Amino acid sequence: MDREEIIQYLKSNLKEQRYAHSVRTEETALMLGRIYHADLEKISVSALLHDCAKRMSYQELIEAAKKYQIPLDDNMMCNLKVLHGPVGAKLAEHELGIKDEEILGAIAFHTIGDTQMTLVQKIIFLADGIEPQRSYPDIYKIRHLAKKNLDLAILLYIDRTIGYVLAKQDYLHPKTIEVRNVFVKTVKEQRGKKSK
Ligand SMILES: [Fe+2]
Ligand SMILES: [Fe+2]
């Protein structure tokens, strides 16, 4: 599937605003991809498709999760807004014929992240949260850091997300903590190396 076909698919399957967000996420992800020398082709496809399941209702997402054998444990059922990540990856694979595991992972992980993200997957995760129309306190700091230290920017972004969830007294998926701890370790290691 080339870019034009993906664009056509998104235009007919996403609301206009979501489509525009996907294109902005692609722009931001490509900007980061150039800085960190990532595979720009994979970044483009992953970013454009990351929200491809966003049009689905919670009920439809649950049905799709059952169909594709995505585990629906209590954490997922209490946090249904993250389900469009893993379901989106399955749609991309089965409806759009995307076979690349790294791209499918980038789509699946964009909502919570993962403890073993590749460079492309990290970039998609962050670009989704800092594309130009996103607005929240400290976003300027995260955008600035994104160009200098991707791992530290992601750690700040996860911290901001956790803070937001706590402030809303909302359900926090425990994997968020696991993912955060991986970035805490990475950032500590980087600081240790620098001070030697
Ligand atoms: Fe999303
Ligand atoms: Fe998104």
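Which helices are included in what covers the buried residues of α3? In this predicted model, in which local features need pLDDT of at least 70, side-chain atom pairs count only at pLDDT 80 or more, and totals for chains, interfaces and linings use all residues, the cover of those buried residues includes α1 (3–13), α2 (16–35), α6 (84–94), α7 (101–109) and α8 (119–130). Residues are numbered from 1 along each chain as its sequence is written, while chains are lettered from A and ligands numbered from 1 in the order in which they are written.

The secondary structure of the protein consists of 11 helices and zero strands, where helices (H or I, at least four residues) and strands (E, at least two) are DSSP runs numbered from the N terminus. Along the sequence this gives the pattern α-α-α-α-α-α-α-α-α-α-α. The radius of gyration, taken over C-alpha atoms, is 16 Å, close to the 16 Å that the globule rule gives for 196 residues, so the protein is as compact as a globular protein of that length; the rule itself is 2.2 Å times the number of residues to the power 0.38. Taken along the principal axes, the C-alpha atoms fill a box of roughly 50 × 35 × 30 Å. Of the contacts with a separation of 6 or more, 62% join residues 24 or more positions apart, a contact being a pair of residues whose C-beta atoms, placed from the backbone, lie within 7 Å.

Buried residues make up 36% of the 196 residues; a residue is buried if 20 or more other C-beta atoms lie within 10 Å of its own, exposed if 12 or fewer, and partly exposed in between, with C-beta atoms placed from the backbone. In soluble globular proteins, nonpolar side chains tend to be buried together. The largest nonpolar core has 47 residues, and those with the most contacts inside it are Ile123, Ile124, Leu126, Ala153 and Ile154; such a core is a set of buried Ala, Val, Leu, Ile, Met, Phe, Trp, Tyr and Cys residues joined through C-beta atoms within 7 Å. When residues up to four places away in sequence are not counted, Ile124 touches Ala29, Ile43, Ser46, Ala47, His50, Ala106 and His110.

Helix α3 (residues 40–49) has seven of its 10 residues buried, so it is largely enclosed by the rest of the structure. The buried positions are Lys42, Ile43, Val45, Ser46, Ala47, Leu48 and Leu49. Leaving out residues up to four places away in sequence, Ile103 touches Lys42, Val45, Ser46 and Ile98, and its C-alpha atom lies 9.9 Å from that of Glu41, a residue 62 positions apart from it in sequence. Ala127, in helix α8, is likewise buried, with 26 C-beta neighbours inside 10 Å, and, apart from neighbours within four places in sequence, is in contact with Thr25, Thr28, Ala29, Leu32 and Ala47.

Helices α10 (residues 150–167) and α11 (residues 174–195) pack at an angle of about 145°, with their axes 9 Å apart; axes are lines fitted to C-alpha atoms, for helices over the stretch in contact, and angles run from 0 to 180 degrees between N-to-C directions. The crossing of α10 past α11 is left-handed, a term that applies if the near helix is turned anticlockwise from the far one by less than a right angle. On the α10 side, Asp151, Leu152, Ile154, Leu155, Ile158 and Ile162 meet Thr176, Val179, Arg180, Phe183, Val184, Thr186, Val187 and Gln190 of α11. By class, this contact has nine nonpolar, three polar and two charged residues, with Ala, Val, Leu, Ile, Met, Phe, Trp, Tyr, Cys and Pro counted as nonpolar, Asp, Glu, Lys and Arg as charged, and the others, Gly among them, as polar.

Several loop residues complete the description. Leu14, in the loop between α1 and α2, is partly exposed, with 18 other C-beta atoms within 10 Å, and touches Tyr19, Ser22, Asp51, Lys54 and Arg55 when residues up to four places away in sequence are not counted. His37, in the loop between α2 and α3, has a positive phi of about 55° although it is not a glycine, and is exposed, with 8 other C-beta atoms within 10 Å. Asp138, in the loop between α8 and α9 (139–146), has a positive phi of about 75°, although it is not a glycine, and counts as partly exposed, with 13 C-beta neighbours inside 10 Å.

Note on methods
Two residues are in contact if their C-beta atoms, placed from the backbone, lie within 7 Å.
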